[in-house]
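Please walk through this structure one region at a time. The explanation below is meant to be read with the structure in view.

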Amino acid sequence: MPLALTEVLETVRMTEADAFDIRTVTLGISLRGCASRDAESTRRNVVDRVRRVAEHHVAAAEEVERLYGVRIANKRVSITPAALVADGFSPADFVRLAEALDGAAAEVGVDYLAGFSALVEKGATPGDAALIEALPEALAVTQRVCASVACGSTAAGINADAVLAVARAIKGMAARTADRDSIGCAKFVAFCNAVGDNPFVAGAFHGPSEPGAALNVGISGPGVVLRAIEALGPDADFGAVTDAIKTMAFKITRAGELVGRRVAERLSERSGSPVPFGVVDISLAPTPADRDSVGDVLRAMGLADVGAPGTTAALAMLNEAVKRGGLMAARHVGGLSGAFMPVSEDQAMIDAAASGHLTLEKLEAMSAICSVGLDMVAIPGDTSPETIAGILFDEFAIGMINDKTTAVRIIPVAGKGVGEWADYGGLLGRAPVMPVSNVGNAVFARRGGRIPAPIRALTN
Amino acid sequence: MPSDVRALIDRIAHALGPEATPERVERVARAVLDARAPAGPTRAPAAPAGRARPRVAGPPPGATRVVVTAYGEDQPGVLAAITAELSAADANILDVSQKVLQGYFTVVLVADLAAGADLGAVRQTLQSRGEALGARVLLQHEELFQAMHRP
């Protein structure tokens, strides 16, 4: 059936007026086999592997961008969690590895390289501990490297020792990059129920069960959903709103799948070795750009601002509707596939946080039902490691009990307090410093050990 | 000659400017008229009355099917300029739709670019011609639209 004029124009309007783009094509690269007898040769093997597999990634993505006239905002690489291949490394070795990865990322032209990571849900090896210790320096001396630590899961419970170590590392990252509004923290995510096929940074890594390489794609498109809801007007009921979101999610996921598959094909052709297409992550990633805001979508549903009573329900509905449409559209959906609410990267969220309508506690409630977590939240620089650990514990408990991913990317902005701003520019945007409860929790945060896995983990 | 055909020829001649030879104008006009004909694909025989419009077959081997969209304030000559450039690039125009609403026009063409055609160069030419006439012109692989609207 020939295309109708209205169909063509709808797609054109999405890319021209509604900021629809593909947020990222992320090439996952396995580093298995790179471990060697010493840190120097392991580092060399890792860098060689990244260079070889990712050499044509950006060119392949740009070719597809031109062919379809759809922008791919970021081209990224994710790697096997570095601690898995560099277990004998000292913290200084890990910093050198991060620098070498940064160089390789720049050489192949990707925006970010993620997977400077450790999976310590149940316990840490000496290498995991060394990587965590290296984080402040590694993220200060690199531009493109992103890191994450998985601190818990539904199956394993929460590694409380790791949570406190990570909280201290976050403080270290903030201090080490104090001259840049503590930007080191913006490149680090702590997880519960981390996933190995997430294409989004900072939390991407190429999981241990992934193939040698895989191309995963993350879609964007809050503006497209926003227009669909606006077109309904204030009298449409929730069923109609769901249908409108679902229909749009289907279309943008189809576009994401097409782009991802074609990039994988072209990359395979150019590199001479097959790179399979992995998953579409159907998270609606916002940017600070006009009409590219998840917060605006919530407002279009009828809230005066993000944070108003009803916000959690609105977000739940949005998330569910996106999944309904996206699941039908893609062969394999994966990654995080939940609504992103990065405070600094979404203009409506920035405004709501600045006006006090949106609080940390409301964000936590929102993360309980669907959103991936506390993302790009700026807090006062003098927040204690124990308080940060408490925030991590709360988020991870939500993830563990509900068998979902929760993530924390929080920035105790060195030298700044409530009412001041952290400004990063670009996709990272800017965020007002939000107030944090300072009711004491030090004894709890320092108890250590492991919070046992919940009963729901015993499903066999 | 119907007046709309005469107007079309005038617009094509105007758009081609000094490059307008009678043969070239006729070639472009035929491409547009064929594409507008209800039978669908260019040079396809007319569909019997009462039958649904036939499905547009896939592009010939090696060819790339593209959707060209132009929009902007209504200006004479945009459709003619686009079809002239596509014709010059040996593209086979399969479908044309145009709408003018409140002083703004939108043109959508579906065309097959011949095997080996430089898609980037064709896009660049179309964009510069469009820009000169105050129109934004996009050229995108048709597969994107099929994926989104014809799953």
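**A walk through chains A and B**

A202(A) sits in the loop that runs between β6 (188-192) and β7 (213-220) of chain A. The model is a predicted one, and in it the peptide bond joining V201(A) and A202(A) is cis, with omega at about 15°.

Other loops of chain A hold backbone angles to look at. A19(A) belongs to the loop between α1 (5-16) and β1 (22-29) of chain A. Its phi is positive, about 55°, although A19(A) is not a glycine. Is A19(A) buried or exposed? A residue counts as buried if 20 or more other C-beta atoms lie within 10 Å of its own. A19(A) has 22 C-beta neighbours inside 10 Å, and therefore counts as buried.

Phi of S337(A) is positive, near 40°, and S337(A) is a residue other than glycine. Because 25 other C-beta atoms lie within 10 Å, S337(A) is buried.

Just after α12(A) comes G356(A), with a positive phi of about 85°.

Helix α9 of chain A covers residues 238-271. At 1.5 Å a residue, its 34 residues should span 50 Å, and the C-alpha atoms at its ends are 48 Å apart, so the two values agree. G272(A) follows α9(A) and has a positive phi, near 75°.

Next come pairs of helices in chain A. Helix α6 (residues 126-140) and helix α7 (residues 160-176) of chain A pack with their axes 8 Å apart, at an angle of about 20°. Angles under 35 degrees count as roughly parallel, and α6(A) and α7(A) are therefore roughly parallel to each other. Their crossing is right-handed. On the α6(A) side, the residues that meet α7(A) are I132(A), L135(A), P136(A), E137(A), L139(A) and A140(A). Facing them in α7(A) are A165(A), V166(A), A169(A), G172(A), M173(A) and R176(A). The residues of this contact comprise 9 nonpolar, 1 polar and 2 charged.

Another pair is α11(A) with helix α13 (residues 360-369) of chain A, whose axes come within 9 Å and cross at roughly 30°. α11(A) and α13(A) are therefore roughly parallel to each other, and the crossing is right-handed. In this contact T311(A), T312(A), L315(A) and A316(A) of α11(A) meet K362(A), A365(A), M366(A) and I369(A) of α13(A). Here the residues divide into 5 nonpolar, 2 polar and 1 charged.

The last region is where the chains touch. How many residues of chain B are in contact with chain A? There are 26 residues of chain B in contact with 18 residues of chain A. On the chain B side, the elements giving two or more residues are β1 (64-73), β2 (92-101), β3 (104-113), α4 (119-132), β4 (135-141) and α5 (142-149) of chain B. The largest share, 6 residues, comes from α5(B). By kind, the residues on this side of chain B are 12 nonpolar, 8 polar and 6 charged.

Conventions: Residues are numbered from 1 along each chain as its sequence is written. Chains are lettered from A and ligands numbered from 1 in the order in which they are written. This is a predicted model: local features need pLDDT of at least 70, side-chain atom pairs count only at pLDDT 80 or more; totals for chains, interfaces and linings use all residues. Axes are lines fitted to C-alpha atoms, for helices over the stretch in contact, and angles run from 0 to 180 degrees between N-to-C directions. Helices (H or I, at least four residues) and strands (E, at least two) are DSSP runs, numbered from the N terminus. Angles under 35 degrees count as roughly parallel, over 145 as roughly antiparallel, 65 to 115 as roughly perpendicular and the rest as oblique. A crossing is left-handed if the near helix is turned anticlockwise from the far one by less than a right angle, and right-handed if clockwise. Two residues are in contact if their C-beta atoms, placed from the backbone, lie within 7 Å. Ala, Val, Leu, Ile, Met, Phe, Trp, Tyr, Cys and Pro count as nonpolar, Asp, Glu, Lys and Arg as charged, and the others, Gly among them, as polar. The expected span of a helix is 1.5 Å times one less than its number of residues. A residue is buried if 20 or more other C-beta atoms lie within 10 Å of its own, exposed if 12 or fewer, and partly exposed in between; C-beta atoms are placed from the backbone.
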